[in-house]
Amino acid sequence: SDKYLKVRGFGDAHAKLLSYLTDRAGTEVSAAALRILTGDAVHTERRARELRDLGFELQARHTGGSDIYTLCGTVPDFGKGAAILVARNIGSDKTITDTEREHLLGTMGQIQ
């Protein structure tokens with residue numbers, strides 16, 4: 001169903017992070033810099049990691065007492081990202097039964 005193909009839960013903060021990281025692709029960026037960019041000390045790092053759900057390869061590591069992120073490329077793997085988003089949408093659909101949900105998720109595995 002088309003309702004599972006919509007990208008939900010991504011907003012301005014994600015766009016700011018992606019823009020900043022894209023400009024610095026291949027370069028280490030501190031989590032502190034990302035928090036300053038969004039003005040949100042609580043959710044920024046989760047939002048950065050969620051870019052993976054769109055198919056971006058974002059590496060994270062901890063060094064010297066802080067977290068560092070590196071965007072490995074500016075072109076997302078649309079197949080990987082789409083699969084994650086569709087699975088998330090199916091999983092959160094309250095209008096279907098658990099059996100229907102399991103069937104749909106199982107069908108996805110056959111498509112990939």
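**Helix packing and salt bridges in a predicted model**

Being 3 residues apart in helix α5 (residues 98-111), arginine 101 and aspartate 98 are separated by about one helical turn. The model discussed here is predicted.

Me: What makes the pair of arginine 101 and aspartate 98 a salt bridge?
Reply: Their side chains meet at 2.8 Å, N to O. The cut-off is 4 Å between a side-chain nitrogen of Lys or Arg and a carboxyl oxygen of Asp or Glu, so the pair qualifies.

Me: Is arginine 101 buried or exposed, and is aspartate 98 buried or exposed?
Reply: Arginine 101 has a relative accessible area of 14% and is buried, because buried means under 20%. Aspartate 98, at 54%, is exposed, since exposed means over 50%.

Me: Why is arginine 46 called partly exposed?
Reply: Its relative accessibility is 35%, which lies between the limits of 20% and 50%. Arginine 46 forms a salt bridge with glutamate 50 (2.8 Å, N to O), and glutamate 50 is buried at 17%.

Me: Which residues of α1 meet α2?
Reply: Ala13, Lys16, Leu17, Tyr20 and Leu21 in α1 meet Ala33, Leu34, Leu37 and Thr38 in α2. The residues of this contact comprise 7 nonpolar, 1 polar and 1 charged.

Methods: Residues are numbered from 1 along each chain as its sequence is written. This is a predicted model: local features need pLDDT of at least 70, side-chain atom pairs count only at pLDDT 80 or more; totals for chains, interfaces and linings use all residues. Side-chain values use heavy atoms; hydrogens and water are left out. Contact means heavy atoms within 4.5 Å. Helices (H or I, at least four residues) and strands (E, at least two) are DSSP runs, numbered from the N terminus. Ala, Val, Leu, Ile, Met, Phe, Trp, Tyr, Cys and Pro count as nonpolar, Asp, Glu, Lys and Arg as charged, and the others, Gly among them, as polar. Buried means under 20% relative accessible area, exposed over 50%, partly exposed in between (1.4 Å probe, protein chains only).
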